Amino acid sequence: MMKLYFAPGACSIGIHYLLQEIGCRFELRKVDIRNGENFQAWYTAVNPKRKVPALERAGGSVLTEFPVIARYLAEQAPSAGLMPSDPETLLSASELTEFIVSTIHMQGFSRAFRPGKFAMAEADHEATRARGREIIQEGLLVVDRHLRQNTGPSFADGALFYILFWACERLKLEVPAACAARWTEFKSRPSAQRVFAAEEIAL
Ligand SMILES: N[C@@H](CCC(=O)N[C@@H](CS)C(=O)NCC(=O)O)C(=O)O
């Protein structure tokens, strides 16, 4: 059985959502990243990069990096309809997933949530957070355009799920209309309810 290493409410929630959507059996192993459990030897043996998500596959090998795990899961369960069959739609889903993870998450949310990673001086933290929010808002405009043109489900939904969760529920940002509509749709799904319950998240 697959095992997801996750931290409650972290980006791993997007992979957790995909696992629920594809309807496979899986185990969860919580990693307390707030208290540095990801730096403990047992976890660095799982993922030397010390990040979640990590997905242990049935044979025991571990996959890391959100876009890779998301696509792998979609490929494993073609009947879930998360792996676009049209090559252009597939490229577009990959492009969106990469943009969300490498730009909106890593450049935007990382500044907004953890300014100390970008600015040593405490005095610069507020400006760093503000810059993070700008990057998020600019990024969400790109995502919104994508959503208006591509309505079908894909593995990019995992990435969309966690940034919309962070934007709408954590930071309480006003997000563009198609993003807001997608978040309303996501959070009403039974898969999302199961994810929130398992991660003990109250919206
Ligand atoms: N490049 C990784 C990034 C994952 C990542 O940044 N995960 C965060 C949680 S949202 C993490 O594990 N942070 C722990 C830390 O930096 O100590 C991916 O795409 O999976």
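How many bridges join strand E1 (residues 2-6) to strand E3 (residues 54-56), and in which direction do the two strands run relative to each other? In this predicted model, three bridges join E1 to E3, and the two strands run antiparallel. Within this pair, Lys3 stands opposite Glu56 in E3. As a general point, the strands of a sheet pair through backbone hydrogen bonds, either parallel or antiparallel.

**The sheet and the helices on it**

Strands E1 and E3 belong to an open sheet of four strands, whose order is E2-E1-E3-E4 and whose pairing is mixed. The edges of the sheet are formed by strand E2 (26-30) and strand E4 (62-64), each of which pairs on one side only. From one strand to the next, the twist averages 20 degrees.

| Helix | Strands | Angle |
|---|---|---|
| H1 (residues 12-22) | lies across E1, E2 and E3 | about 155 degrees to E1 |
| H3 (residues 66-76) | touches E1, E3 and E4 | about 120 degrees with E4 |

**A glycine between E1 and H1**

The loop between E1 and H1 contains Gly9, which counts as buried because its relative accessibility is 7%, under the 20% limit for that class. Leaving aside residues up to four places away in sequence, Gly9 touches Phe165, Trp166, Arg170, Glu199 and Ile201. For one of these residues, Arg170, the separation from Gly9 is 161 residues in sequence, whereas in space the two are 9.3 Å apart, C-alpha to C-alpha.

**The pair H4 and H5**

Elsewhere in the chain, helix H4 (residues 87-113) and helix H5 (residues 125-149) have axes that come within 7 Å and cross at roughly 165 degrees. Angles over 145 degrees count as roughly antiparallel, and H4 and H5 are therefore roughly antiparallel to each other. The crossing of these two helices is left-handed. On the H4 side, the residues making the contact include Leu96, Phe99, Ile100 and Ile104, while those contributed by H5 include Ile135, Ile136, Leu140 and Val143. Taken as a whole, the residues of the contact of H4 with H5 divide into eleven nonpolar, eight polar and three charged.

Methods: Residues are numbered from 1 along each chain as its sequence is written. This is a predicted model: local features need pLDDT of at least 70, side-chain atom pairs count only at pLDDT 80 or more; totals for chains, interfaces and linings use all residues. Side-chain values use heavy atoms; hydrogens and water are left out. Axes are lines fitted to C-alpha atoms, for helices over the stretch in contact, and angles run from 0 to 180 degrees between N-to-C directions. Angles under 35 degrees count as roughly parallel, over 145 as roughly antiparallel, 65 to 115 as roughly perpendicular and the rest as oblique. A crossing is left-handed if the near helix is turned anticlockwise from the far one by less than a right angle, and right-handed if clockwise. Contact means heavy atoms within 4.5 Å. Ala, Val, Leu, Ile, Met, Phe, Trp, Tyr, Cys and Pro count as nonpolar, Asp, Glu, Lys and Arg as charged, and the others, Gly among them, as polar. Two strands pair if DSSP finds at least two bridges between them. Buried means under 20% relative accessible area, exposed over 50%, partly exposed in between (1.4 Å probe, protein chains only).
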